[in-house]
Amino acid sequence: MAEEVRGPDTTALDEVVTFTSELIRIDTTNRGGGDCRERPAAEYVAERLAAAGIEPTLLERTPGRTNVVARIPGTDPSAEALLVHGHLDVVPADPAEWTTHPFSGEVRDGVVWGRGAVDMKNMDAMVLAVVRSWARQGIRPRRDIVLAYTADEEASAEDGSGFLADRHAALFEGCTEGISESGAFSFHPQPGTTLYPIAAGERGTAWLKLTAHGRAGHGSKVNTANAVTRLAEAVARIGSHAWPVRLTATVRAALAELAALYAIDIDVHSPHLDVDLLLGKLGPAAALVAPTVRNSSNPTMLDAGYKVNVIPGQAVAHIDGRTLPGTEEEFAATMDELTGPYVEWEFHHREVALEAPVDSPTFAKLRAAVERFDPDGHVVPFTMSGGTDAKQFSRLGITGYGFSPLRLPPELDYGALFHGVDERVPVDALHFGVRVLDHYLKSA
């Protein structure tokens with residue numbers, strides 16, 4: 001087909017750099033307290049969609065917390081629709097820690113710098129550049145493409161994808177699959193080997209609040225019912241707990257492909273599989289899988305007392321818990337045991353784990369799109385240790401894949417850039433992403 005041969009025009013390659021830079025300059029920091037305002041970024045996106053003849057709809061649950069949704073009609077009305085989504089908010093950044101100002105969007109030496117360069121204003125810009133290129137060339141995809149630029153992904157998603165799924169489900173009518181962040185980035189475990197992990201799963205979110213009660217008193221007195229001590233003991237047990245291995249279908253598929261790539265003769269379906277031994281044999285490549293062979297529970301916040309010589313009657317902690325599909329009851333029972341008799345716990349925020357099929361035609365097309373532009377690369381499925389807006393959209397029956405393609409140089413640590421200092425993306429990586437997305441979205 002002619003549309004398959006014709007890729008994005010040169011204007012798209014220029015625009016993706018401009019859009020990434022200019023979106024970064026729009027400070028959409030989400031500190032989780034509700035003070036983020038995504039509206040300027042949403043208006044930026046909406047204006048550029050409208051200029052390409054794509055009608056945007058702006059939606060808010062809270063003033064200033066703006067989402068953009070648009071639909072591009074496909075040529076086959078009977079085909080199921082595809083959701084392409086990205087969030088507009090970013091995590092905080094301290095300018096004092098950065099080489100360049102995190103909201104400068106500076107383009108220097110072939111690199112775009114700033115908060116959101118990989119999470120995920122780069123993907124927002126790539127999608128925008130692709131669909132505008134289609135408009136200029138008169139190209140339509142086979143299936144309807146629904147675009148969603150969301151607010152509040154870096155916190156609760158209540159003002160973003162959660163709001164859209166709950167209150168505006170009709171905008172996503174016909175969507176059965178979706179793609180978004182955290183997949184198809186190049187990973188270099190050793191010289192000469194390039195992996196492209198495509199996410200086909202996400203661990204569930206289980207954020208916990210722990211509350212310990214005790215007997216308040218003077219700090220100079222013996223106190224066997226000290227709330228701080230009780231909380232500290234529970235937090236220590238939770239933080240050091242060795243969670244058992246629980247392999248999902250996606251993780252097994254990842255281990256199988258990595259084992260084959262490294263010529264390791266092993267049956268990943270064997271009940272006697274020693275997962276930790278296999279991970280040791282995979283070397284640096286194990287980093288793609290190691291965080292997702294178990295549940296996890298990491299203490300992150302503590303709050304107790306108001307004066308050094310006063311023992312408080314209550315102490316509070318927060319735990320970032322993550323769960324694999326089918327382990328939710330086990331996780332809760334383990335928390336009951338680890339917290340002990342003097343500490344109460346509750347879910348502060350909870351989201352289900354996700355798993356998408358890796359033997360599907362969709363995954364095969366995602367793989368083919370990447371390998372078309374890097375024939376020497378190896379696509380592998382993986383499960384995200386964290387999560388994305390795909391969890392919210394899954395309530396609408398939409399199966400999500402992590403697919404925001406980037407071909408990065410070996411010295412650039414993609415994982416460290418997420419929520420890290422000096423976040424940046426090479427221009428060449430953006431061009432690669434535009435080409436891969438263009439090809440996939442037209443073949444999907």
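Contact here means heavy atoms within 4.5 Å. By this criterion, Glu153 touches His87, Asp89, Glu181, Gly387, Thr388 and Asp389, with residues up to four places away in sequence left out. The model is predicted: local features need pLDDT of at least 70, side-chain atom pairs count only at pLDDT 80 or more, and totals for chains, interfaces and linings use all residues. Residues are numbered from 1 along each chain as its sequence is written, and side-chain values use heavy atoms, without hydrogens and water.

Glu153 sits in the loop between strand E6 (145-150) and helix H5 (161-167). Helices (H or I, at least four residues) and strands (E, at least two) are DSSP runs, numbered from the N terminus. Glu153 is buried but has no salt bridge. Buried means under 20% relative accessible area, exposed over 50%, partly exposed in between (1.4 Å probe, protein chains only). A salt bridge requires a side-chain nitrogen of Lys or Arg within 4 Å of a carboxyl oxygen of Asp or Glu. Lys and Arg count as positive, Asp and Glu as negative; His and the chain ends are not counted.

Backbone geometry was also examined. The peptide bond from Asp119 to Met120 is cis, with omega near -15°. Met120 belongs to the loop between strand E5 (111-113) and helix H4 (121-137).

Asp109 has a positive phi, near 55°, although not a glycine. Asp109 lies in the loop between strand E4 (107-108) and E5, and is exposed at 74% relative accessibility. Ala263 likewise has phi near 55°. Its loop runs between helix H7 (249-261) and helix H8 (275-282). Ala263 is exposed, with a relative accessible area of 70%.
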